[in-house]
Amino acid sequence: MKMHLDEKIWLGLSFGMIMIFMLITGYQGFALEMGPPSHKETIDPQKVDQTAPFDQPGIKQIGENEYEVVMTLQIFSFNPANIEVPAGSTVHFTMTSKDVVHGFQVANTNLNAMVMPGHITKITQKFDKPGKYLVLCNEYCGAGHQVMSTTITVK
Amino acid sequence: MMNSNKLEKVDSRDAKLSMAYFYVAFIALALGGLAGLLQTLVRSGKVVLPWGIDYYQVLTVHGVLLGLVLTTFFIMGFQFALISRTTGTFTNGARITGWVGFWLMTIGTAMAATMVLLKEASVLYTFYAPLMAHPIFYIGLTLVIVGSWVAGGSMIATYAKWKRNNPGKASSLLTFMAIINTFMWIIATLGVAATVLIQILPWSLGLVDTIDILVSRTLFWYFGHPMVYFWLLPAYMCWYAIVPKIIGGKIFSDSLARLSFILFLLFSIPVGFHHQLVEPGIDPAWKYIQVVLTFMVIIPSLMTAFSLFATFESFGRSKGAKGLFGWFRKLPWGDARFVVPFIGMLSFIPAGAGGIINASHQMNAVIHNTIWVTGHFHLTAATAVVLTFFGISYWLIPHLTGRVLTKAMNKLAIIQGIVWTIGMSFMSGAMHAAGLLGAPRRSSFSEYGGAAQAQEWIPYQIAQAVGGSILFIGIILVLIIFINLAFFAPKGETEFPVGEVADGAEKPPLVFENWKLWLGISAALILFAYTIPFIDIIQNAPPGSKGYKFW
């Protein structure tokens with residue numbers, strides 16, 4: 001099968017760019033640990049309230065400028081709500097859902113993860129800039145989906 | 001160019017079958033388009049729906065009617081006409097099979113639609129468990145899929161019969177493309193059929209108590225990505241093999257067109273994880289492998305772009321065009337059959353670039369489930385694909401009904417294309433921008449407790465409503481043209497344009513029709529991409545979830 005020389009150049013360059021892009025993406029994802037959240041722990045979705053650590057949702061300081069937030073998502077709320085941390089804190093979120101699939105998104109950050117019944121989502125973010133960040137559910141979960149929100153205040 | 005004159009016109013019995021599919025498709029366009037308009041109005045914050053109609057109910061109507069019904073019905077009608085025109089009239093048996101498929105799909109659509117209207121199925125068209133709709137909703141969707149298999153089977157049988165009667169000959173390019181698309185659809189829909197029949201239906205009927213969410217989502221997205229290529233490939237058929245004839249040029253290369261379709265068959269399916277990048281429970285290495293496979297599917301689209309512009313340029317130069325871009329002015333800018341699909345092609349450039357961002361592993365976190373994604377597929381599906389479908393309708397409908405597209409209707413069709421471009425620039429542009437600022441998709445109007453960040457999104461939501469209103473005018477224009485072409489346009493003969501290959505071009509190698517080889521490689525890639533992670537998902541499955549009705 002003949003291919004026009006121009007087309008060979010066009011496809012050769014494009015393929016090369018794609019491969020370089022994939023190598024960079026892979027390097028960032030695995031060597032620099034910037035990959036998307038893929039935690040694999042599971043939980044009985046009917047017994048979230050009785051299972052540690054979700055029997056005591058809340059925020060806990062675990063080091064200097066380091067916090068752990070254990071959070072449950074349920075229609076149409078986040079527990080705990082209205083979290084406050086000092087500027088410069090690294091926050092580790094550990095989350096699960098008590099009913100349907102929810103989303104956990106913090107506007108103006110890269111925090112964006114699905115929170116599914118039966119699965120535990122873990123995601124980490126360092127909050128440098130003070131301000132009030134909007135947390136919202138970004139996966140349709142029912143009639144009140146659009147009011148499912150809370151805030152993270154960085155002081 | 002084909003063997004005999006009898007192929008020039010679609011047989012009137014086959015035409016009737018195609019038209020049946022088109023009637024349903026355009027009714028779906030009218031109702032689904034209205035639902036889309038209502039959504040953008042609600043989300044602007046300025047309009048509240050009367051009679052207790054719920055935003056998410058309207059959203060379900062919009063997604064099911066336009067994403068599933070308009071596309072599948074239009075594509076089936078188009079492919080029946082294509083195969084009848086380029087391979088030969090359907091046998092009575094094959095045509096009856098096509099009608100059985102049509103009625104299964106139509107009954108299924110009516111069942112699902114009834115449940116949505118009764119507010120028993122506000123689960124959106126992705127119907128993610130454990131939100132649980134009425135079982136009749138799922139049975140209806142199953143009938144749509146099964147009906148499409150029956151219709152597809154009729155097409156494959158017609159093609160297979162031609163192959164048996166013409167050993168050693170290459171099939172017509174358009175039939176070949178339609179058969180690739182049909183195979184891809186059947187392989188892909190096995191996933192959604194599996195989750196509905198094995199998991200969701202027994203659970204919604206109360207035969208089992210719980211459902212495994214991640215297995216269901218994985219099966220859904222095994223289907224969900226090739227579904228968008230199932231929409232796109234008929235547009236590519238038009239761009240590759242019909243538009244060259246309309247402008248008076250030649251197909252750049254028959255063989256390369258076939259090669260690009262085979263690459264779509266191979267790389268459209270083993271890529272579903274790129275819709276699940278930020279989900280727990282899936283091994284990150286397999287997410288990345290599927291991201292790489294996703295990027296392979298860029299190659300055939302780049303081949304397509306090259307071929308199309310090569311066709312345009314060589315046509316322009318054959319008409320005496322000078323300079324680097326002189327050929328551009330030689331294109332038939334007064335012919336809606338060309339202009340409308342051409343706008344679709346142009347929109348696929350930013351649409352494709354946005355898609356690359358969406359599939360880009362960690363970059364996905366910036367836009368996942370934001371309204372950026374909605375903006376993206378309104379450029380791909382709702383502009384590139386749909387405008388090409390409209391452009392096809394402007395010659396195919398009159399060809400099938402024995403009428404002609406009048407000068408006035410041609411002009412209206414070009415105006416329609418321009419109206420669509422303006423409306424979509426507002427709507428999709430504002431969606432992309434608001435998505436980058438964090439505005440979620442699939443959410444009713446909300447001020448999020450007065451959050452400052454959410455205030456920034458509202459002007460963009462108003463721009464979306466402006467765009468949505470302009471687009472709805474565009475839909476009204478299409479419906480006027482469709483009704484004219486189906487019932488009122490003057491009687492006459494309309495050409496069914498089928499592109500010819502440039503003189504002296506080589507014959508396409510027969511290896512392209514070695515289906516054991518290509519379906520085998522396709523299956524091998526799917527097994528490679530899914531076997532290990534899927535076993536992992538099942539082995540590490542948590543206890544299942546009960547069903548919920550939260551609307």
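This is a predicted model: local features need pLDDT of at least 70, side-chain atom pairs count only at pLDDT 80 or more; totals for chains, interfaces and linings use all residues.
An unreviewed UniProt entry labels residues 62-155 of chain A as "domain: Cytochrome oxidase subunit II copper A binding". That label comes from the record, and such annotations may be inferred rather than shown by experiment.

Now slide back along chain A to residues 9-30. Here the span is 100% helix and 0% strand, with its end C-alpha atoms 32 Å apart. The unreviewed UniProt entry gives residues 9-30 of chain A the annotation "transmembrane region".

What joins α1 (5-31) and β1 (58-63) of chain A? A loop, and Lys40(A) is part of it. Glu33(A) lies in the loop between α1 and β1 too. Take a look at the backbone of Glu33(A): its phi is positive, about 55°, although Glu33(A) is not a glycine.

Which residue of chain B does Lys40(A) meet at 2.6 Å, N to O, in a salt bridge? Asp536(B) is the partner, and the side chains make the link. Lys40(A) also forms a salt bridge with Asp283(B), where the closest N and O atoms are 3.3 Å apart. This pair crosses between chains, and Asp283(B) sits in the loop between α8 and α9 of chain B. How many salt bridges does the rule find across the interface of chain B and chain A? It finds three. Search the whole structure, over all chains, and you get 18 salt bridges.

Let's zoom out to the whole meeting place of the two chains. Chain A brings 64 residues to the contact, and chain B brings 75 residues. Together they bury about 5700 Å², with carbon and sulfur atoms giving 66% of that area. On the chain B side, three residues stand out: Gln362(B), Gln453(B) and Phe550(B) supply 12% of the area that chain B buries against chain A, more than any other three residues.

There are polar links here as well: 24 residue pairs are in polar contact between chain B and chain A, counting pairs with both residues at pLDDT 80 or more. Where on chain B does the touching side come from? Several helices give two or more residues to the side of chain B that touches chain A, including α6 (213-241), α10 (298-318) and α15 (452-488). The largest share, eight residues, comes from α9(B). Sort the residues on this side of chain B by type and you get 46 nonpolar, 20 polar and nine charged.

Before you go, look at two peptide bonds. In chain A, Ile75(A) and Phe76(A) are joined by a cis peptide bond with omega about -20°. Phe76(A) is in the loop between β2 (66-74) and β3 (77-79) of chain A. In chain B, the peptide bond from Ala129(B) to Pro130(B) is cis, with omega near 10°. Pro130(B) also belongs to a loop, this one between α3 (92-117) and α4 (135-165) of chain B.

So how confident is the predictor? The model scores ipTM 0.96 and pTM 0.95. For chain B the mean pLDDT is 94, and 99% of its residues reach 70 or more. Residues 1-6 of chain B are another story: the pLDDT is below 50 over that stretch, which has six contacts in the model beyond near neighbours in sequence.

How values were computed:
Residues are numbered from 1 along each chain as its sequence is written. Chains are lettered from A and ligands numbered from 1 in the order in which they are written. Side-chain values use heavy atoms; hydrogens and water are left out. Contact means heavy atoms within 4.5 Å. Buried area is the accessible area (1.4 Å probe) that two parts lose on being put together, summed over both. A salt bridge is a side-chain nitrogen of Lys or Arg within 4 Å of a carboxyl oxygen of Asp or Glu. A polar contact is a pair of N or O atoms within 3.5 Å; within protein, one must be able to donate a hydrogen and the other to accept it, and residues adjacent in sequence count only if both atoms are side-chain atoms. Helices (H or I, at least four residues) and strands (E, at least two) are DSSP runs, numbered from the N terminus. Ala, Val, Leu, Ile, Met, Phe, Trp, Tyr, Cys and Pro count as nonpolar, Asp, Glu, Lys and Arg as charged, and the others, Gly among them, as polar. pLDDT is the predictor's confidence in each residue, from 0 to 100.
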